[in-house]
Amino acid sequence: MGKIQSVKGMRDLLPPQSEHFASLEEEAARFFQRYGYSEIRTPILEETALFARGVGEETDMVSKEMFSFPDGKDQKMLALRPEGTASVVRAYLENRVGERLSLVKWYYLGPMFRRERPAAGRYRQFFQIGAECIGVATPEADAEMLEMLWGFFQRVGAPGLSLKLNSIGDAVCRPAYREALVRFLSGVAEKLCEDCKRRSQTNPLRVLDCKREECQAATREAPVPIEHLCEPCRAHHNRLLEILNLYQIPYLIAPRLVRGLDYYNRTAFEITASQGLGAQDAVCGGGRYDGLIRLLGGPDTPAIGFAIGLDRLVLVLEAAQKLSSLPPPPLFLGFFDKNGQERALLLGRDLRREGIRCQVDLRGGKLKGQLDRANKLGARFVLLLGGDELSRGVAVLRDMAASTQEEIALDGVIAQLRERLVRT
Ligand code: HAM
């Protein structure tokens, strides 16, 4: 029988990397809570139709990249979620949250699944930290969200980031713009890649951000959405820029940024990293999606959100050496005999209850073996319990770095150990 291995594009996260993921998730949760966000957890499996309708049938994510399969007697199509926004909106509607609250701020953490070609920074299971702000249409809501994001990235020390911003119009100005774009694309059709030839009909905006050189060259002169905004969209965009300036958040206007999901209108943005990522340089993407709640069967409700790619953020911070992992346990408890072992087990419990990290030797045997194990773990101190010392009410404390040892009284031992651990 062949060896069973992890599925292509899916990986195990081992310490210390798993700790990096966890600490960034905690940091984000704490930070976002200050802005009034609370956590929502939605299922990983959803009906495929949610994403087909919400994200768009013609998007790569839905047409090519979903893990989708028939389930149960009625063979209903289910999918591993490729993103979080459609699920959050489904949950918002299903739980009738909008009837109680006129403003909802939710964040979420967890794995997403896309059957993409695996590459550095691109996986088939990856983790997002996302947030959605539902109920407010103002540019101030966009600005607050971008300020929160920028603040979070600053806080975790991510270097070399750029905020790329665009406005892609709305249901009022998009149709005329789309027409102009389709007209332009039909004039250069023979120069486009096969995908873009098809997209010119089905999803013409996507042609603008095709990465292929021939398409970029052919569409250099193409009309861009930001030059075809209606008055309200333009005013929204200008006010957003005004507030970003007020916050002194640097941004670049990216007229060809259109995003890969269909639900966006007006504000669309990405945050890219100049270090640590290579080709997959987006650590975050998001935008306004004022039409999605209606599209999924709810009332007209404006919303905006983003998702950070946690795997990529970890890569950026690792490259910049901004992530530290848990230091080795400062204290190792060894023993000479059964009495000493039992004392070590109890003392270990009590130290941990007091918030002191330690490892109790679980194997016993020769002292040398125990000290070797303590050394391998990187423990600074070893406390040895048992023998004649135990009957005298003391234990041997070995300073592994200094290679010295002394006796310490077992009465009040926790306080003494704490004091030594603080000093070193
Ligand atoms: P997205 O741009 O598709 O947006 O994904 C957001 C981020 O997830 C990307 O910027 C990237 O960092 C990360 N990401 C995407 N695909 C992969 C992958 N295959 N491997 C590793 N990381 C990846 C969304 O998902 C929207 N739901 C964001 C949003 C929320 N818009 C409004 N609300």
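## Basis

In this predicted model, local features need pLDDT of at least 70 and side-chain atom pairs count only at pLDDT 80 or more, while totals for chains, interfaces and linings use all residues. Residues are numbered from 1 along each chain as its sequence is written, and side-chain values use heavy atoms, with hydrogens and water left out.

## Helices H1 and H6

The axes of helix H1 (residues 17-33) and helix H6 (residues 139-156) come within 11 Å and cross at roughly 140°. Helices are DSSP runs of H or I with at least four residues, and strands are E runs of at least two, numbered from the N terminus. Axes are lines fitted to C-alpha atoms, for helices over the stretch in contact, with angles from 0 to 180 degrees between N-to-C directions. H1 and H6 are therefore oblique to each other; oblique covers what is left after under 35 degrees (roughly parallel), over 145 (roughly antiparallel) and 65 to 115 (roughly perpendicular).

In H1, Leu24, Glu27, Ala28, Phe31 and Phe32 meet Met148, Gly151, Phe152, Arg155 and Val156 of H6 (contact means heavy atoms within 4.5 Å).

## The sheet

Three strands, in the order E2-E4-E3, form an open sheet with antiparallel pairing; two strands pair if DSSP finds at least two bridges between them. Strand E2 (45-47) and strand E3 (68-71) are at the edges with a single partner strand each, so one side of each has no neighbour in the sheet.

E3 and strand E4 (residues 76-80) run antiparallel and are joined by four bridges. Aspartate 71 lies opposite lysine 76 in E4.
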